[in-house]
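Trainee: I have a two-chain model open. Can we go through its folds and contacts step by step?

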Amino acid sequence: MSAVPISWFLTLSAILFALGIAGFLFRRNIITIFMSIELMLNAVNLSFVTFSYQLKKVDGHLFTFFVMVVAAAEAAVGLAIILTVFKNRQTLNIDEVDSMKD
Amino acid sequence: MDVILFLIFALIAVVCGINVVLQTHPISSAVSLIGVMGSLAILYLLLGAEFIAAAQVIVYAGAVMVLFIFVIMLLNAGVEAKRGKSFMAQLLGIPLLVSFLALMAWFVQRMYPSATSVKFGEFQGGTAHDIGKALFTTYLLPFEITSILILIAILGAIVLARKEMD
């Protein structure tokens, strides 16, 4: 057996996505939460490329490409927001950034 | 050979992914995330997506993660403070995640029994030539809109992060 079943790739993608969810929900540092989002985006990219392989079409690669571009833009804006929050509050803990709750 | 390569790099990806979640210092998480992205690039190559693999290394592992590490160092982010989590989260979090994962894996195994399998070199439509062709014909409008999105993102980042001038 020298070929990998396609379901293994999809399962790996699901595992990485679940890890991203875990990090997003359990962590308290805003930068780590942001990195968990990147992890989830990567997991979805793996699914896109796998399906692209299965259908023997290039479209999935294009979707991955657009996800990458949007993720880069998101990282730039998100990190700028983190910088601003830190400048105003001197904290990176999301439990202390809760003024929208009251 | 393909199976061994897949297993090695899938293992690296999963271990690094667990490390991203478990490490308390943001720098350790960031370095683990680079590990995940690098091994994913190898898996993309295995799937015949050479352009995406290169873009993954350059854009994600390169540019985005450098930005992350730059901000971590700039803000001097230290070890995360231990906080008591809510009772419900502690009780339900892990079981719910595991059941989500089990459900996903079950669906995937049901939908894709081992009929189709990945062989290295069987699909060669992922070269820069094919991607460029599709990008500038079928996906021309999304491509142009993406350029506007990036322009807006640059402006937004500059406006948000600049020093206040009085």
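Trainee: How many helices and strands does chain B have?

Mentor: This is a predicted model. Read along the sequence, chain B runs α-α-α-α-β-α-α. The secondary structure of chain B therefore comes, with helices and strands taken as DSSP runs, to a simple tally. That tally is six helices and one strand.

Trainee: What radius of gyration does chain B have, against that of a compact globule?

Mentor: Start with the box. Along the principal axes, the C-alpha atoms of chain B fill roughly 60 × 45 × 25 Å. A compact globule of 166 residues would have a radius of gyration near 15 Å. For chain B the value is 21 Å.

Trainee: How far apart are the C-alpha centres of domain 1 and domain 2 of chain B?

Mentor: The domain assignment gives chain B domain 1 (2–79 + 86–126) and domain 2 (127–166). In their contact, five residues of domain 1 face four residues of domain 2. The domain 1 side has one nonpolar, three polar and one charged residues. The centres lie apart by 25 Å.

Trainee: Which element of chain A gives the most residues to the side that touches chain B?

Mentor: The contact takes 62 residues from chain A and 70 residues from chain B. On the chain A side, the elements giving two or more residues are strand E1 (4–5), helix H1 (6–26), helix H2 (30–55) and H3. That side divides into 44 nonpolar, 14 polar and four charged residues. The top contributor, with 21 residues, is H3(A).

Trainee: Are H3(A) and H3(B) roughly parallel or antiparallel?

Mentor: Take helix H3 (residues 59–89) of chain A and helix H3 (residues 50–75) of chain B. Their axes come within 11 Å and cross at roughly 5°. Angles under 35 degrees count as roughly parallel. So H3(A) and H3(B) are roughly parallel.

Trainee: What is the bridge partner of Val4(A) in E1(B)?

Mentor: Look at E1(A) and strand E1 (residues 117–118) of chain B. Two bridges join these strands, which run antiparallel. The partner of Val4(A) is Val118(B).

Technical notes
Residues are numbered from 1 along each chain as its sequence is written. Chains are lettered from A and ligands numbered from 1 in the order in which they are written. This is a predicted model: local features need pLDDT of at least 70, side-chain atom pairs count only at pLDDT 80 or more; totals for chains, interfaces and linings use all residues. Axes are lines fitted to C-alpha atoms, for helices over the stretch in contact, and angles run from 0 to 180 degrees between N-to-C directions. Helices (H or I, at least four residues) and strands (E, at least two) are DSSP runs, numbered from the N terminus. Angles under 35 degrees count as roughly parallel, over 145 as roughly antiparallel, 65 to 115 as roughly perpendicular and the rest as oblique. Domain bounds come from an automatic or database domain assignment. Two residues are in contact if their C-beta atoms, placed from the backbone, lie within 7 Å. Ala, Val, Leu, Ile, Met, Phe, Trp, Tyr, Cys and Pro count as nonpolar, Asp, Glu, Lys and Arg as charged, and the others, Gly among them, as polar. Two strands pair if DSSP finds at least two bridges between them. The radius of gyration is taken over C-alpha atoms; the globule rule is 2.2 Å times the number of residues to the power 0.38.
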